[in-house]
Amino acid sequence: MLRAEAVALPTGTGALRAELCTEEREFAALGPAWERLYRNCGAATPFQSHAWLQSWWTSYGRPGRLRLVLVRDAASGELRAAAPLMRAGHPLPRLVPLGGAISDYGDVLLDDEHADRAATALAETLSAAARTTLIDFREVRPGGAVELVYERWRGPRRRLTDSVCLELPARPMDELLGRLPAGRAQRVRTKIRKLDQLGVEHRFVPYAEVGSALRTMLELHRLQWQDRRVTTEHLRPRFHEHLARSLGPLVRSGDALVTEFRVGGEVLAVDVTLLSRGLAGTYLYGAHPRLRDRKADVAAMLLRACADHVAGEFQVLSLLRGAEPYKSRWLPDAVVNQRLLLARRRTAPLLSAVACAAAARGRGRELVRGWSERGGGKA
């Protein structure tokens, strides 16, 4: 482990020390301390848990690129802040969050009781660790802990928009139906009655059975998307290995929920929902094509089970990234993730280049959307 000097803080804030961890074995050993910090960070999601990130690094990390920026209490050694990053060289040299494209939210961890001074220390340590690279935080949910670091950043910085996440209040299904126009709500109720007529039952999978349920979910996911466009990564062995390593610990700690749906005793669907202090997020599911053949509304089936379970325990039921039509019919609120760019003066040109490229992609998407809305060029 490479250790930086203790960060200079205002008098009376308490002594903190900063560290830069670049070794995989050190990362693995951080589990208990990371877990305590994760529990003390109200903005954290399971995508910042040690179980998720360490497993992700095992599947997706590249040797020599790990950059964990840590802030500890100088007296007790307890973690007060952590930025889980890695070095990326394409297309420009950057420090980016661990978790990559399969994680819906990127963030740092800050101990809520020490958030101000920990954020100050983390900002200064990140500046020293960045050197000639740009720091590029993707998919930051509004209210994320890294916003405090952004506020304290002394160099060039830029806030951009990122992906859209759709969110519902965490309420029972009957209350969610009450948000819909009367006609639409009645159609959904009819589809729910159809599910009951088919004999669809669900159960929450205990920790000891998570591995088996996950294998079933991945096979059902493959069947569900055969001969259709699918996220290619979800079919790759490294993704399967990552979920197998991370979901068991997350279920055991209460940070994930795996649900099986059965008809006549046969498992025809499995859903994975990730849980944090105020948010439940529907992450991935697999459903057998026979459910569609039987005219079962899979989206209503999944949402009813999840909504009724998390109601009263969470503030938000997130459908996570993407604005697919099956999500939009529930009239969710669109919440836009942020992309926070942090640079030193010497790397300001990198910040400008990334911001310009992002703006160009945004204009390109708008042109394509407008072209499609006009009929795609058809006469």
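I began with Val 188, which touches Met 173, Leu 177, Leu 180 and Trp 330 when residues up to four places away in sequence are not counted; contact here means heavy atoms within 4.5 Å. I noted that this is a predicted model, in which local features need pLDDT of at least 70 and side-chain atom pairs count only at pLDDT 80 or more, while totals for chains, interfaces and linings use all residues. Residues are numbered from 1 along each chain as its sequence is written, and side-chain values use heavy atoms, with hydrogens and water left out.

I placed Val 188 in helix H7, residues 182-198 (helices are DSSP runs of H or I with at least four residues, strands are runs of E with at least two, and both are numbered from the N terminus). With a relative accessible area of 5%, Val 188 is buried (buried means under 20%, exposed over 50%, partly exposed in between, using a 1.4 Å probe and protein chains only). I then found the C-alpha atoms of Val 188 and Ala 300 separated by 7.4 Å, although the two are 112 residues apart along the chain.

At its N-terminal end I saw Asp 297 as a cap, with a side-chain oxygen 3.2 Å from the backbone nitrogen of Ala 299, and after H11 I found Gly 312, whose phi is positive, near 90°.

Last, I looked up Gln 338, which lies in strand S14, residues 333-342, and counts as buried at 9% relative accessibility.

How values were computed
A polar contact is a pair of N or O atoms within 3.5 Å; within protein, one must be able to donate a hydrogen and the other to accept it, and residues adjacent in sequence count only if both atoms are side-chain atoms.
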